[in-house]
Amino acid sequence: TRQAQYNVSKAAVVSLTQSIANDYKRKGITANVILPSTIDTPSNRQHSPDADFTRWVQPQDLAALMLYLCSDAAGSITGAAIPVYGGM
């Protein structure tokens with residue numbers, strides 16, 4: 001499997017996001033990263049037909065989080081790595 005490459009890539013994105021957040025926070029620019037587990041999409045359902053879809057992340061939940069992070073209410077959140085694991 002390519003799990004090691006995937007894990008290293010994800011860690012690099014988290015580190016890059018934290019660097020961007022630190023570099024631009026004094027300019028009022030925020031940077032955060034969302035770390036979802038399996039997202040409930042038709043493609044994922046097709047590739048994992050025996051999975052428990054109720055435990056997967058709903059796309060609308062990710063969209064709501066993204067909208068919040070783009071809002072003024074989330075202006076003080078920067079450099080965050082936000083896990084979204086769905087129904088556990």
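Let us start with Asp40, which sits in the loop between strand E1 (33-36) and helix H2 (42-47). Helices (H or I, at least four residues) and strands (E, at least two) are DSSP runs, numbered from the N terminus.

Before going on, a word on the source. This is a predicted model, in which local features need pLDDT of at least 70 and side-chain atom pairs count only at pLDDT 80 or more, while totals for chains, interfaces and linings use all residues. Residues are numbered from 1 along each chain as its sequence is written, and side-chain values use heavy atoms, with hydrogens and water left out.

Is Asp40 buried or exposed? Asp40 has a relative accessible area of 12%, so it counts as buried. The cut-offs are these: buried is under 20% relative accessible area, exposed is over 50%, and partly exposed is in between (1.4 Å probe, protein chains only).

The side chain of Asp40 has a polar contact of 2.5 Å with the side chain of Arg45 and another, of 3.2 Å, with the side chain of Gln58. A polar contact here is a pair of N or O atoms within 3.5 Å; within protein, one must be able to donate a hydrogen and the other to accept it, and residues adjacent in sequence count only if both atoms are side-chain atoms.

Asp40 and Arg45 also form a salt bridge, with the closest N and O atoms 2.5 Å apart. That term means a side-chain nitrogen of Lys or Arg within 4 Å of a carboxyl oxygen of Asp or Glu. How many salt bridges does a search of the whole structure find? The search finds one. Arg45 is partly exposed, because its relative accessibility is 35%.

Setting aside neighbours within four places in sequence, Asp40 is in contact with Arg45, Phe53, Trp56, Val57, Gln58 and Pro59. Contact means heavy atoms within 4.5 Å.

Now strand E1. In a regular strand the side chains alternate between the two faces of the sheet. E1 runs parallel to strand E2 (residues 81-84), and four bridges join them; strands pair if DSSP finds at least two bridges between them. Val33 has Ala81 as its bridge partner in E2.

Ile34, also in E1, lies 8.2 Å from Ala80, C-alpha to C-alpha, although 46 residues separate them in sequence. Beyond its neighbours within four places in sequence, Ile34 is in contact with Leu62, Leu65, Met66, Leu69, Ile82 and Val84.

Next, Thr30, in the loop between H1 and E1. Thr30 has a relative accessible area of 31%, so it is partly exposed. Not counting residues up to four places away in sequence, Thr30 touches Gly75, Ile77 and Thr78.

Last, helix H1. Thr17 lies in this helix and counts as buried because its relative accessibility is 10%. A polar atom of the Thr17 side chain is 2.8 Å from the backbone oxygen of Val13. Leaving aside neighbours within four places in sequence, Thr17 is in contact with residues including Ala31 and Val33.

Tyr24 is in H1 as well (residues 3-24), and at 36% relative accessibility it is partly exposed. That is where I will stop.
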